[in-house]
Amino acid sequence: MNTQQSCSESQKTHNLSFLSSEYAQLLIPRTSFLCENCPDHDPTLRTWNPGQDPKKAVVVGSGERLRLVASATLQSLTIQSGGVVVFADNKDGSKNITLRTRHVLIENGGALHIGGPKCRYRSRVTITLVGRSDDTSIPEVPGFGRKFVGVRAGGTLELHGIERPSWTFLSRTVPASGLATGGYAFQRNFSRGINLRVVDQDSGAMLLAERFDTHESFNDSRRLGQLLQTLPSGRIVTLAVGDSAVKSLLEETKRTIQELLGSTYVNDLKYRQAWALVAVLGGGNGSCTEDTREHENHDTGGRALARRDFVTVDGVRFSVAAYSEWRNGKPQFTHMGEIVDGVDMRAEVALLSRNILVQGEMERSCYAKNWCQYFSHDTFGGHIKILGNFTSVHLSQVELKHMGQQAVRGSYPIHFHLCGDVDQQGGYNQPTYLDSLSIHHSFSRCVTIHATNGLLVRDTVGYDALGHCFFLEDGIEQRNTFFHNLGLVTKPGTLLPTDRNDTMCTEIRGRVYKGYVPSPATECKAVSTFWIANPNNNLINNAAAGSQDAGIWYIFHNASTGDTHGLVPETRAELTPLGIFYNNRVHSNFKAGLFIDKGVKTTNATSTDPREYLCLDNNARFRPHEDSDSSKPRVAALIDTLISFKNNDLGAWIRGGDIIIKNSGFADNGVGLSFASDGSYPKDIGSSQEVSESLFVGESKNRGFNGGQNKYWGAGGVDNKMRTLPRNKTFPIRGFQIYDGPVRLLRSTFKSYTSTSERFTSAVGFNLKNVWQLTPRNNLSSLYFLPSVTLRAFFGRPGQWFEDNDLDGDKNSIFHDLDGSVSGYPDTYAVRADNYLVRHPDCVSMPQWNGCVCSGHYAQVYIKTQGVPNLSLSIIRDEYPDKPLVLRGINSQGALSQQYQPVLMMSKSYTLHWNGQAPKEIVLSLVNFNLGDWTLLGLCYPSDTAFQVISDFYHRQTNVFDGMEDYGSVSSLAELEKRAMDRKYFFDKSTGLLWLYTRARHGRSGHSYCSVHGCERVKITATTSTKQTCNCTAATYPKYSRTPSAAVPMPKPVQSCKLIPDNKITIPVNSLSIVLLASRGQPDGFASVAQYLVPLGAAKVADLKGKGSITFFGFHGSPSAQPWASLQVGQSEEAVGLQERYIPLSLEEYACPPPTEQPARKDLDLLRKARS
């Protein structure tokens, strides 16, 4: 066969391995090789067998085109100046080659090929990189160090192994119908006698679990026989012996087991003989599976195992297993089962092996200066490093094992170092990619992208890595695309402060200033599976699980760092629009699933700031704008389809705006989702944060297991059974957490938020111990709460976790219930019960919430003081003079400047008092005031005070004040009230109150805190010689007391819908229809309906005789059953209860008429968009 024919055959075989040619072109771009498809078929290659010589440094140079045909050991291999090395292959994949060397360097026109994208390498290749970190007998290679595969300018590296799936999910044996994963096996309390389980053949539900002590009790033996005789035919029955079962096993019971279950072993059972049986009652010998094991010397010598497979009416296959065993005097047992609850929690399964392996040769234990105080194993692995201006680099289906060097910065499993644009923008007709790599047991990261743009990383697995796994380094990396990658088990490392855990953080202090000791909570402890240092990158279909800190972390550099420090003095990362974020999963991470917040310190340690370079820094707020220009319109960052579950602290923490989350699911997190604003007035002019079309599950039926990395175990959930817990048994679980705002939560569902006697669990809650401001523009609407939500909202209560629950943010907690879907009262505000600044007599008390629901209009007055430290503010509404609200301010108590931001009911009057001297200067800013909103304020001062009162507008972006006007004085409060539209004030010396109006004279736009003309302010400068404490309460009341009233009447409660039952069953014909069927009890003759459910999605005719209520979800008009089709049946008088299914109605297959072509895949469309 000639070379061209071989190449054509290879191309044909390759294309057939894809689902479509379009997909094939997308996955692997067409490239030019020595041969169009198979590099090793090039007839110009010369056979090369260098042998085993560990001291031989080989250089392949100009004119040398070599085909490596046998294993070799070399000191080093350098390919340069047009030299080519190709690994030989053969048709049956038996040409296995191992290359052992200290390093491979490719440069200046050199090329290394193992297979090609259209001619996959069939045999097995192992490249083992050898050497110790302390071996100085051979010098390091500049720019690469030791133990590497390196590509310099002009180099080509092409590695392409056999195509196979990189990772997938476990086959979903847990459908929406709620069947336990895998099947059933015996549970705890597997005790002496015969242990019986009865399983429903139609649903897979376990109906009965009971033990009969047939060793000691003839009565138990009799009961067993009688029970079997009462069971209906068709039930699945399992029996298994614990300890021994034969001493009192009656002959009549044996006959019953033999006749009803088809057993052939029951008559011959012996003392402590292991026996297990799975059978269908009434099914005869053919339905029975059983097994026995003899008892000898305190051991059965194995397990008696019986197992059979079944199928539910929903078409879900499940298994039932029973086993019996005696070992070391104890019966052995197990229990299987996991239930998804509206959120896809399928476990990821990765294939780690590949037929091309690049690995580091490791010592048996840690040695030399490799951080042996933290790691007992060797961490000096191999590494692959690619420098800029390479000719071509494409790696696919390659395994990287024991790679990365923990003590050597820049030595990672694979590292694109200062490569610039590596796609078509950089002149690469075949854009650079990493495809289907397996990177595991890595000693420093997984994939590092450093000052490199446009790289595609897809279908790659990173497992068990030290330090950030998929890592963008300097904050200037953009347009890179991560598509369908999996990161599992990301552990702390030593390289950067953000990699380190508590111990490493406080002990590694070589780069801090003098004796400074870092704070782990604020400077370190951020190790993440995906570390995204610039928002202009794309994440599609990725999964991140098991990180010590976060799954995906978006971090912001205000300047380029590391090797590019100073190259880009201002990255504008905080202002840069977010790339594509679609269908990413984050679970089982300790701190957070998704984290969007914070920056890194971009200056070296000094006496004024002793912290280490690149430690975490709270200096960034994500606020994307067009062209990264704050003077241009905002661009909303879209988080589309985030699945976040079983993260210990937070499902997602997202700071900034505008940000939109939709089509997402949060389950089993300490806090499902928490937004934090861009900042507070006056730094932040207001932005939007929104979540919609999403599902929040407090504690799902996936209870987890006690062990592994699960640190907390206790009772919880709707069923109050033992389960994994996010913190401990008292931690207040919250679905959606309100921190400051403004946020919008709409068209979303909450389920399974059930408090326990030791823990508050609420669908909506607030940030704990909150000193910050809250806005009444936190709007909630179109929310659905299932009956499993026993606490829709909670404002906290003094005790563990909440402490005194008396910080400024705690007291001002509030949200707007736009349509009444939370409280039952539309256009009302949920507020804390003890905050009388925002209450009125008609408010509806919600004692379980520690809150109440009130009508009215609400806004904030931002009060900034100057000149007096340690000052607390007491603010009183004149209608409730005995209910002051005391605010401490958000700055430290010793600060000369303080700020307070109370939420106030509009059209009401208030007085302000101090626990010390009155401030020399007070600025009152109107925050979230709509046009015409007003409050009347009385501020306490000494009677000899002289005032200057002015109003102005503050423009944040330009830091300019304009429109200044002086306030004039009037002689009475009555005159002030008559002239409320004028800029006037009244000072009542008898009480010490300076009265004035704060009124919005201009409207707001969008989500801005301030008016369209700027932030409206009133500035009061006070001059007095008196230093007395300024609390005027005693003189103010009852003089200025008012009768409580509602400025806005309370609305009528929302009317609930009533469901009218229909006893008729109508099945549409010749149409696409979703069929929902439910019964309460069972009408006469109803059992016959079972046969008509099969064409609608039931997998078989169910046995409905004698059953209780049923629910059925089906689909008419499709030749195949839908995955969400389900039949749930209550046993006897048992009610099924509320059932729900998630039906993807937006899919084209449910359209009328049905589509004739395969529906488009959004993820692939987005990948094309990302790569265009």
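Cys38 is buried, with a relative accessibility of 0%; buried denotes under 20% relative accessible area, exposed over 50%, and partly exposed the range in between (1.4 Å probe, protein chains only). This is a predicted model, in which local features need pLDDT of at least 70 and side-chain atom pairs count only at pLDDT 80 or more, while totals for chains, interfaces and linings use all residues. Residues are numbered from 1 along each chain as its sequence is written, and side-chain values use heavy atoms, with hydrogens and water left out.

Cys38 forms a disulfide with Cys119, at an S to S distance of 1.9 Å; a disulfide here is a pair of cysteine sulfur atoms within 2.5 Å. By this rule the count is 7 disulfides. The torsion about the S-S bond of Cys38 and Cys119 is about 95°, so this disulfide is right-handed. Cys119 is also buried, at 4% relative accessibility.

A second disulfide joins Cys446 and Cys469, whose sulfur atoms are 2.1 Å apart. Its torsion of -100° about the S-S bond makes the link of Cys446 and Cys469 left-handed. Cys446 is buried at 0% relative accessibility, and Cys469 is likewise buried at 0%.

Cys940 and Cys1032 are joined by a disulfide with an S to S distance of 1.8 Å, and with 70° about the S-S bond this link is right-handed. Cys940 has a relative accessible area of 0% and is buried; Cys1032, at 8%, also counts as buried.
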